[in-house]
Amino acid sequence: MDDCVFCSIVAGQLPAEVLATSSEAIAIQDRNPVAPVHALVISKRHVESVHAIGKEDEHVLMDCLRLVRHVADLQGVGDGYRILSNVGLQGGQTVFHLHIHLLGGTELGPLLPSKQGGT
Ligand code: AMP
Ligand code: ZN
């Protein structure tokens with residue numbers, strides 16, 4: 001897809017620190033990390049988001065999750081990390097090409113700190 005930063009990275013037209021690859025995805029270092037470990041697992045195919053995945057592409061998501069686990073182990077955070085995938089403007093997505101954030105290397109705490117856990 002033209003003008004898609006992640007398609008350009010997948011095509012090797014834009015530099016990125018590649019951490020690992022799989023048949024359907026590549027993992028790169030996020031250029032603006034918000035945690036000591038912050039990788040992005042990006043589908044090789046241009047799909048806009050998790051929400052846009054069609055039935056025929058569901059294996060792509062599974063492959064991305066397998067790569068997430070591999071990269072978590074590579075980065076030494078296999079015992080605890082967070083994954084998230086923003087969807088749409090309202091969901092905070094800024095690059096409209098399917099990707100999963102892998103965050104770790106620190107105590108991440110609750111996702112929504114204002115919420116009390118438990119009851
Ligand atoms: P999102 O806001 O969920 O769409 O996440 C996009 C992420 O991509 C952000 O965390 C950016 O820091 C990251 N990002 C954008 N462009 C690049 C790039 N060229 N190389 C590495 N990470 C990037
Ligand atoms: Zn793309």
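Biologist: Which residues coordinate the zinc ion (ligand 2), and at what distances?

Modeller: Donors are N, O and S atoms within 2.8 Å of the metal (3.2 Å for Na, K and Ca), and since water is not among the atoms, sites may look incomplete; here the zinc ion (ligand 2) is held by Cys 4 (SG), Cys 7 (SG), His 46 (ND1) and His 97 (ND1), at 2.1 to 2.3 Å. Along the sequence these donor residues follow the spacing C-x2-C-x38-H-x50-H. This is a predicted model, in which local features need pLDDT of at least 70 and side-chain atom pairs count only at pLDDT 80 or more, while totals for chains, interfaces and linings use all residues. Residues are numbered from 1 along each chain as its sequence is written, chains are lettered from A and ligands numbered from 1 in the order in which they are written, and side-chain values use heavy atoms, with hydrogens and water left out.

Biologist: What is the geometry of the site of the zinc ion (ligand 2)?

Modeller: Ideal angles for four tetrahedral donors are 109.5 degrees. Four donors count as tetrahedral if all angles lie between 85 and 135 degrees, and the site of the zinc ion (ligand 2) is tetrahedral, with angles of 103 to 117° among its four donor atoms.

Biologist: Are Cys 4 and Cys 7 buried or exposed?

Modeller: Buried means under 20% relative accessible area, exposed over 50%, and partly exposed in between (1.4 Å probe, protein chains only); both Cys 4 and Cys 7 are buried.

Biologist: Which way do the residues of β5 point?

Modeller: In a regular strand the side chains alternate between the two faces of the sheet. Strands are DSSP runs (E, at least two residues), numbered from the N terminus, and in β5 (residues 99–104) His 99, His 101 and Leu 103 point one way, Ile 100, Leu 102 and Gly 104 the other, and all are buried.

Biologist: Which strands pair with β5?

Modeller: Two strands pair if DSSP finds at least two bridges between them. Strand β3 runs antiparallel to β5 and is joined to it by six bridges, with Ala 39 opposite Leu 102, whereas β4 (residues 81–84) pairs with β5 in the antiparallel sense over four bridges, Leu 84 having His 101 as its partner.

Biologist: Why does Gln 93 count as buried?

Modeller: Gln 93 counts as buried because its relative accessibility is 4%, and its place is in the loop between β4 and β5. Its side chain reaches the backbone nitrogen of Gly 88 at 2.7 Å and the backbone oxygen of Val 95 at 3.0 Å.

Definitions and conventions. Tetrahedral: all angles 85-135°; square planar, octahedral: opposite > 155°, others 65-115°. Polar contact = N/O pair within 3.5 Å; in protein donor to acceptor, adjacent residues only side chain to side chain.
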